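Please look through the two chains shown below before reading on. The paragraphs that follow go from the overall make-up to single residues.

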Amino acid sequence: MARGSTAAPADRSPASASKSAFLWVFGAVFAVSVALSLRTAQVDPRLLVEGSTLANVARFVRGLFPPQLSREFLGLMLRPALETVQISVVGTAIAILIGVPLGLVATASLTWRGVLHERASRVARWGLGFVPYVVSRGALSVFRSIPEYVWAFMFVRAVGLGPFPGVLAIGVAYGGMLGKVYSEILEGVNPRPLETLQAAGASRLGVVLYGLVPQALPNVIAYTLYRWECAIRASALLGFVGAGGLGQQIELSMRMFQFDEVLTLLAILFVLVATVDFISGRIRAWVV
Amino acid sequence: MARVAAVRRGRPTALWVSAGFGGLLIWSWHGTRVDLGSLFGGEGFRQIATYVGRLFPPDASAATVRDAGVGALETFAISLIGSLLAVVIGLPLSLVATRTLLYHGILYESGPLGPVSRALRIAVYALGKALLNVLRTIPEIVWALIFVFMVGLGPFPGVLALGVHTGGVLGKLFGEVLEDVDPGPLEALQGTGASRFRILVYGVLPQALPQFVSYALYRWEVNIRAAAVMGFVGAGGLGQRIYVAINLFHDHQLLTLILAIYLIVTLVDALSAYLRAQLV
């Protein structure tokens, strides 16, 4: 995402004509979708300045302060806070267990295309390479397209309340994301060293271990750490559907209009997220 | 070579970090009472398999499919308007929360600010930053709960929740882009005697725009997923229907709804990728 782009100079090539045609079409479609969406989403700014809304805002803001800092409450929240960290760690670990094998198989250059397979037979390339490749791509796509909350909700139904369904939900949803990004990283490596190794007579495993892995590892580690940062946020909120952690407490306090407790819980969440971000950021800076 | 040396020097640290993560994992494993043995082979796996089996086949009756379609449209609308609102909130805040635009750097080299004006601008900057932090720190689903409390049930609080949270995220990302623009064109403009406002409009924003679009599209992909679960707290879309289907054990309808989520999320991902290729 963060790519260093600068403004393109205005050119007069034919491409710019088709681009401006595209912009017109895009603009029209965009305007229509926004107009329709405003209606579908029942957007009504008047609601924001209605008396009852303003009264609720005042009640909410007043209720936040002072935050609930009694020793009893903080003591009760310690376990859910730690549980949130634990869910994120184990969830990410399971995501790696799911993402690595699926990601490897979902990498075209490892299973059926390019340098490694120049000498493989046609049948081997398609039967042993292409079919598993398509299947694992499909699995990864399903895993990551269904949000972790929906996974958590279903796992709660399947295995009961508690942290376990939260772990599974993060494992599956993030496994899908890790697998996809791992395969993108592996596709993106520079093929030169692999070709050199192969020319030197290295076996396929040798090419992977000494050519591919060293190039890909820093990015793989960095992205996994980034996902851990996302996982701590997610695991804090999976409690909304009964999967342990702080979320359950936030929802309870919110529903009972105990806004002072909500403020404390949000502060705890902030500290947890900031700590994980800090640790992960330090390690990322050092790895990449 | 410098890299090799760095890696070699870093080796004890690598060991420590790995050991730390190992410890963290064992502690967490213990704490969450995860039992992989029972998951792969035993009780847990059978429970999941039974549950998945119960979901099939998806309910393809006209009523359910129509309901899923309406929910998907609503989710799409929430994500689209929510993301737009986020740009509307994030863009002005990012301008205020960028040091190089407000009081520091190239723009202020030729005509330094008076002390009062400078102090005021620093205060505005600090306020903008703090506001962005608050918006960003509170997760969208908590914002959704808050807005449901304030304006009532329905998709509108979902839109507000996405707009406010994502506004904070985009404000931060936009600010980073603004601070990183190439100073060359700004200096050239300054050389022509352009005002600060003109330098912003003709020098800074054209450079930043492609990345703004790219970030906004990326957040749209995040938001379609978030919009799909807003309904869990009463903020409309597919989530609300999924919540009902799970709680009432309407398993076949649930599968239809999940397929709808998969389709709408995949569609938005593809759209976003296409637009990024065309626009950026």
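How many helices and how many strands does the secondary structure of chain A come to? The answer is 11 helices and 0 strands, where helices (H or I, at least four residues) and strands (E, at least two) are DSSP runs numbered from the N terminus. This is a predicted model, in which local features need pLDDT of at least 70 and side-chain atom pairs count only at pLDDT 80 or more, while totals for chains, interfaces and linings use all residues. Residues are numbered from 1 along each chain as its sequence is written, and chains are lettered from A and ligands numbered from 1 in the order in which they are written.

Read from the N terminus, the elements of chain A run α-α-α-α-α-α-α-α-α-α-α. Of its 288 residues, 39% count as buried; a residue is buried if 20 or more other C-beta atoms lie within 10 Å of its own, exposed if 12 or fewer, and partly exposed in between, with C-beta atoms placed from the backbone. Among the contacts in chain A with a separation of 6 or more, 75% come from residues 24 or more positions apart, a contact being two residues whose C-beta atoms, placed from the backbone, lie within 7 Å.

One helix pair can be followed in detail. Helix H3 (residues 71–105) of chain A packs with helix H10 (residues 246–255) of chain A at an angle of about 135°, their axes 8 Å apart; axes are lines fitted to C-alpha atoms, for helices over the stretch in contact, and angles run from 0 to 180 degrees between N-to-C directions. H3(A) is therefore oblique to H10(A), since angles under 35 degrees count as roughly parallel, over 145 as roughly antiparallel, 65 to 115 as roughly perpendicular and the rest as oblique. From H3(A), Met77(A), Pro80(A), Ala81(A) and Thr84(A) meet Leu246(A), Gln248(A) and Gln249(A) of H10(A). These residues divide into 4 nonpolar, 3 polar and no charged, where Ala, Val, Leu, Ile, Met, Phe, Trp, Tyr, Cys and Pro count as nonpolar, Asp, Glu, Lys and Arg as charged, and the others, Gly among them, as polar.

The contact between the chains takes 53 residues from chain A and 56 residues from chain B. On the side of chain A that touches chain B, H3(A) gives the most, with 8 residues, and by class this side has 37 nonpolar, 11 polar and 5 charged residues.

The peptide bond from Phe65(A) to Pro66(A) is cis, with omega near -10°, and Pro66(A) lies in the loop between helix H2 (51–64) and H3 of chain A. In chain B, a cis peptide bond joins Phe56(B) and Pro57(B), with omega about -10°, and Pro57(B) is in the loop between helix H4 (43–55) and helix H5 (62–96). Gln42(A), although not a glycine, has a positive phi of about 50°; Gln42(A) is partly exposed, with 17 other C-beta atoms within 10 Å.

Chain B also holds a bent helix. H11(B) bends by about 50° at Leu205(B), and Pro206(B) follows within four residues; the bend at a residue is the angle between axes fitted to the seven residues ending there and the seven starting there. Elsewhere, Leu132(B) is found in helix H7 (residues 115–137) of chain B and is buried, with 24 other C-beta atoms within 10 Å.
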